[in-house]
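This report walks through part of a protein model, strand by strand and residue by residue. Please keep the sequence and the structure at hand while reading.

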Amino acid sequence: GPVSRLVFYNNYSYYDKSNESYADTQMNVLGVMVTAGSVYTYIDYASGLNHPWLGPNYTGGLAEGSEDASWQSRFNINIGYYF
């Protein structure tokens, strides 16, 4: 078939802020990369806590954050053609 490779991944990161009054930041991305010739497709589900890309606190997510923050998630598909 056209699919030549599947690569599954789970990437977790934790940002332990040195300022004790700041809320820490976390992110987890679970997904798969599908390769078909020169086309690469990434399909993943990302979740974050005090993360600017995954929540409403864009300006303060990586700074002070919020102790009351809740986990936010998004489903992502990225298709690229490499030549």
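Is Ser47 buried or exposed? Ser47 is buried, because its relative accessible area is 14%, and buried means under 20% relative accessible area, exposed over 50%, and partly exposed in between (1.4 Å probe, protein chains only). The model is predicted: local features need pLDDT of at least 70, side-chain atom pairs count only at pLDDT 80 or more, and totals for chains, interfaces and linings use all residues. Residues are numbered from 1 along each chain as its sequence is written, and side-chain values use heavy atoms, with hydrogens and water left out.

**Strands and pairing**

Helices (H or I, at least four residues) and strands (E, at least two) are DSSP runs, numbered from the N terminus. Two strands pair if DSSP finds at least two bridges between them. Strand 2 (residues 25-36) pairs with strand 3 in the antiparallel sense, over 11 bridges. In the hairpin of these strands, 2 residues lie between strand 2 and strand 3, and Gly37 has a positive phi near 65 degrees. Strand 3 and strand 4 also run antiparallel, joined by 10 bridges. Tyr40 can be followed across the pairings: Thr35 stands opposite Tyr40 in strand 3, and Tyr40 in turn stands opposite Gly80 in strand 4.

**Ser47 and its surroundings**

Ser47 belongs to strand 3. Its side chain makes a polar contact with the side chain of Ser73, at 2.9 Å. A polar contact is a pair of N or O atoms within 3.5 Å; within protein, one must be able to donate a hydrogen and the other to accept it, and residues adjacent in sequence count only if both atoms are side-chain atoms. Not counting residues up to four places away in sequence, Ser47 touches Gln26, Met27, Asn28, Leu54, Trp71, Gln72 and Ser73, where contact means heavy atoms within 4.5 Å.

Two of these neighbours can be described further. Gln26 lies in strand 2 and counts as buried at 17% relative accessibility. Beyond four places in sequence, Gln26 touches residues including Tyr12, Leu49, His51 and Trp71. Gln72 is found in strand 4 and is partly exposed, with a relative accessible area of 29%. Among the contacts of Gln72, again leaving aside neighbours within four places in sequence, are Ala46, Gly55 and Pro56.

| Side chain | Side chain | Distance |
|---|---|---|
| Ser47 | Ser73 | 2.9 Å |
| Gln26 | Tyr12 | 2.6 Å |
| Thr25 | Lys17 | 3.1 Å |
| Gln72 | Ser70 | 3.1 Å |

**The loop between strand 3 and strand 4**

Asn50 is found in the loop between strand 3 and strand 4. Most residues other than glycine have a negative phi. Asn50 is not a glycine, yet has a positive phi of about 55 degrees. With a relative accessible area of 7%, Asn50 is buried.

His51 lies in the loop between strand 3 and strand 4 and counts as buried at 17% relative accessibility. The side chain of His51 reaches the backbone nitrogen of Trp53 at 3.2 Å. His51 also touches Thr25, Gln26 and Met27, not counting residues up to four places away in sequence. From His51 to Ala63 there are 12 residues in sequence and 9.7 Å in space, C-alpha to C-alpha.

Thr25 lies in strand 2 and is buried, at 4% relative accessibility. Apart from neighbours within four places in sequence, the contacts of Thr25 include Ser13, Leu49, Asn50, His51 and Leu62. Gln72 and Thr25 are 47 residues apart in sequence and 12 Å apart in space, C-alpha to C-alpha.

**The nonpolar surface patch**

Which residues form a nonpolar patch on the surface? They are Val39, Ile43, Tyr45, Phe75, Ile77, Ile79, Tyr81 and Phe83, with about 940 Å² of accessible area together. Patches are made of residues with over 30% relative accessible area and no salt bridge, with like charges joined within 9 Å and nonpolar side chains (Val, Leu, Ile, Met, Phe, Trp, Tyr) within 5 Å. A salt bridge is a side-chain nitrogen of Lys or Arg within 4 Å of a carboxyl oxygen of Asp or Glu. Accessible areas come from the Shrake-Rupley method with a 1.4 Å probe; for residues, only the protein chains shown count as cover.

Strand 3 (39-49) and strand 4 (72-81) each supply at least two residues of the patch, and strand 4 gives the most, with 4 residues. Tyr81 lies in strand 4 and counts as exposed at 55% relative accessibility. Thr25 and Tyr81 are 33 Å apart in space, C-alpha to C-alpha, and 56 residues apart in sequence.
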